[in-house]
Amino acid sequence: MPVFKRPHFGKLLSLADQGRIAPFYFFVGDPVLSEELIARLLKRFSELGHEISTLDSPVEKENPAVLFGSPSLLGRRIFHLKGLEKLSVEAAKTLVSFLERSKSWLTICGAVSECKENHPLYLYALEKGVLVPLPSQRKRDLLAYEIPEILASFGKKMDRAVGEELLALVGEDLNALRQELTKLALYVGKRATITREDLYEIVTPHVESAPYSIVEAYLRGGPEETLNVLEDLLGRGVHPLVILSTLITYFKRLYLLAELSQQAPQILKPAKYFQFQPLYKEALKKAFPEKIPKNLARLHPYAAFKMLPLFKRIPFSGFKDIFSALTNLDYKLKRGAPPREEFYAFLLFLSRLEANSPAQKVPSGSPATFP
């Protein structure tokens, strides 16, 4: 069982249940995802009765026989060995040699962010163990694998659209996602399916995702409902200038999306995310063939999709006034003005802009100035 890519990780757990455990599990790629998958693998091994240990230091100067000890009376001895990237090639050869002699009772799990295909650890995993190549952080599919698998461990599930909503609220930090999914699983109790309403009851939005929550509240209930979200953020100790900074980034992104829609108006038509996503990605490639602006490069496609309703409700010509209002808000907050009142004034301004100026198509040559 040499190579198991991310979609086939579940097969490793099934093989372990059948008693088919390799001497070496080598994860190459995204380090956060590697740690998550190793933790799941070790949990399964522990449930099967094997002895689990973690070694935090590399084995560069250690005698493997001293480091790993002798066979266990019951089950295999399984080690999560960290620091493999620090090993020299010679130390790796020594480790592989010892592991080959001890493979009847010893298993090592380890990870590196990258590895040459002729490295002793890579070759041993390919020939005698298990190699798990992982995508980079930017290419991993949390909706297809991580979120469903974490939920499955609690006997829960959610629709893909709810998962997309969760990503927009929390971001793509795997540790934060696990924390929020754990909270959701406990919150719904015996109910198997987690809904969108559950997200808004229990999920704590990441600070960088605050504008998403603020704008969602604005679209649902106007300035008054939005003020409740702002007060919650302030009550949790989020500094007013941090909220303002994320709002400025949000409207910069919204402006860039407006410009993108001028070149690719088809991105405004889909009513469903699965229809929007491929059009949006293709539009980005055509509009920015060399390098996507960082404000869009860091934006999850679903978050972009959720921004479109506000864009459609405000005129493109209003961006200049929006950035001017944000600059004025920054000035007042830095001089001690009450955050609640000033944010509410900005929301009222946004509401008046929307009411007095019907949304219109993006005109050519109408740049807005960022603060």
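This is a short tour of a predicted model, stop by stop, with something to select at each one.

Residues are numbered from 1 along each chain as its sequence is written, and side-chain values use heavy atoms, with hydrogens and water left out. In this predicted model, local features need pLDDT of at least 70 and side-chain atom pairs count only at pLDDT 80 or more, while totals for chains, interfaces and linings use all residues.

**Stop 1**

Select strand E2 (51-55) and strand E5 (130-133), the edge strands, each of which pairs on one side only. They belong to an open sheet of five strands, in the order E2-E3-E4-E1-E5, with parallel pairing. Strands (E, at least two residues) and helices (H or I, at least four) are DSSP runs, numbered from the N terminus; two strands pair if DSSP finds at least two bridges between them. From one strand to the next, the twist averages 15 degrees.

Now pick E3 (residues 77-81) and E4 (residues 106-112), which are joined by four bridges. Which residue of E4 is the bridge partner of histidine 80? Look for cysteine 109.

**Stop 2: a ring pair**

Show tyrosine 25 and phenylalanine 45, a tilted aromatic pair with 5.7 Å centre to centre and 55 degrees between the planes. Rings of Phe, Tyr and Trp (its six-membered ring) pair if their centres lie within 6.5 Å; planes under 30 degrees apart count as stacked, over 60 as edge-to-face and the rest as tilted. Tyrosine 25 lies in strand E1 and phenylalanine 45 in helix H2 (residues 31-47), so the pair ties together parts that are 20 residues apart in sequence.

**Stop 3: the cavity**

Next, select Ile214, Tyr218, Phe251 and Leu310, which are among the residues lining the largest cavity. On a 1 Å grid over the protein atoms alone, a cavity is a set of points where a 1.4 Å probe fits but cannot get out; lining residues have an atom within 4 Å of a point. Helix H10 (210-235), helix H11 (240-263) and helix H16 (339-356) each supply at least two lining residues.

How values were computed
1 Å grid on protein atoms, 1.4 Å probe; cavity = no way out; pocket = protein on both sides within 12 Å on 5 of 7 lines; lining within 4 Å. Axes fitted to C-alpha atoms, helices over the stretch in contact; angles between N-to-C directions.
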